[in-house]
Amino acid sequence: MNALRTFNAVLGRDVFVTGRELPSFLAQVLIQPFFTLFIFGKVLTQIGFVQGNFAEVLLPGVVALNGFLGALQNTTLPLVLDFSWTREIEDRLLAPMPIAMVAVEKMIFGALRGLAAAILMIPVGFLILDIAWPLASLPLVLIVLVLGSLAGAAIGMVIGTSVPPRRINIMFAVILTPLMFTGATQFPWPSLSSLLWFQVVCALNPLTYASEAMRAVLIPTGPHIALWVSLPVLVVAIVLFGAIGMRGFMRRALD
C-alpha cells in the first residue's frame, strides 16, 4: 500500500511538472505534426498533387504517430538525463517503492504525455483538414491511442536504458526517422502489396499497427490491417519491449 501511494505521488509530481511546462510541451508535440498535416493534407490536396481523400487517410496516421513518438521521446530523454553523470535517478530509487515500479512509472508517464500529444492533435487536424470523426468511434480511438502510446513508451525505455548519453543524438537520428517513415502514417499498409520488401519492413514497426488500427476504426471501408490483428500486436510490443526495457533499467539502476 505504501509503495502504491508513493508511486501515485511520484507520477502526480511528474504530471504537475508537465502542467508548469505546458507551453514548451505544446510546442514540442504540435508544431511538426501541424506542418505535416498542413502541407500534405491541405496544400498538396488543393494544388492537385494528391487525391482529395488523402487527408482522411493521413490524419489517423499522424495522430497515431504523435502519440507513439511523443511517448517514446518523453520516456527516452528523461531516462538519458537521469542516468547521466548527475545520476538524478538516485532520488527516485531512494523512494519507498520497488525499483521495478520506478521503471513502470517512467513508462506510464511517457505514455500519458504521448496520449496527451495525440489527443491534442485531433482538434488541430479537424480545423486544418475540415473533416470530423463520428462520436461513436471515439472510445475505440482512445483505446488504440493508449496502446500505441504504451508501445512507444516501452520502446523509449529500451532506448533510454541501452544508449549512452553521449550517443543519444545519433541514436535519435538513426532510429526516429526510420520509425516515422516505416510506420504507415502516410499510407495504408495493404496498399504496399506491389512493393513487397517495403511492406515487410513496415510490418516490423509497431507504429504501423497503431496507424492501421486508427484507420480500421475511422475508415473501415478503406484498406487497412484488421483490428483483431493490430491490437494484439500492439499488446505484444508493449509486453516485449517493456520487459526488455525494465531489464535494462534494473541493470543501469544497480550499477
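Residues are numbered from 1 along each chain as its sequence is written, and side-chain values use heavy atoms, with hydrogens and water left out. Because the model is predicted, local features need pLDDT of at least 70 and side-chain atom pairs count only at pLDDT 80 or more, whereas totals for chains, interfaces and linings use all residues.

The description begins with two helices, α2 (residues 22-46) and α5 (residues 99-129), whose axes come within 10 Å and cross at roughly 35°. Helices are DSSP runs of H or I with at least four residues, numbered from the N terminus. Axes are lines fitted to C-alpha atoms, for helices over the stretch in contact, and angles run from 0 to 180 degrees between N-to-C directions. The crossing of α2 and α5 is right-handed, a term used if the near helix is turned clockwise from the far one by less than a right angle. From α2, the residues F25, L26, Q28, V29, L30, P33, F34, L37, F38, G41 and K42 meet R113, A116, A117, L120, M121, V124, G125, I128 and L129 of α5; contact means heavy atoms within 4.5 Å. By class, the residues of this contact are 15 nonpolar, three polar and two charged. Here Ala, Val, Leu, Ile, Met, Phe, Trp, Tyr, Cys and Pro count as nonpolar, Asp, Glu, Lys and Arg as charged, and the others, Gly among them, as polar.

Aromatic rings come next. The whole structure contains five aromatic pairs, where rings of Phe, Tyr and Trp (its six-membered ring) pair if their centres lie within 6.5 Å, and planes over 60 degrees apart count as edge-to-face, under 30 as stacked and the rest as tilted. F34 and F35 form an edge-to-face pair, at 5.2 Å centre to centre with 90° between the planes. F126 and W133 are also edge-to-face, with centres 5.3 Å apart and planes at 90°. W133 counts as buried because its relative accessibility is 11%, the limit for buried being under 20% relative accessible area, with exposed over 50% and partly exposed in between (1.4 Å probe, protein chains only). F126, at 24%, is therefore partly exposed. Ring pairs also link F34, F35 and F38 into a cluster.

Leaving out residues up to four places away in sequence, M214 touches P60, V63, A64, W133, V141, V144 and L145.

N74 lies in helix α3 and is buried because its relative accessible area is 6%. Beyond its neighbours within four places in sequence, N74 is in contact with Q28, G110 and R113. T161, in helix α6, counts as buried because its relative accessibility is 2%. Not counting residues up to four places away in sequence, T161 touches L79, F83, G245, G248, F249, R251 and R252.
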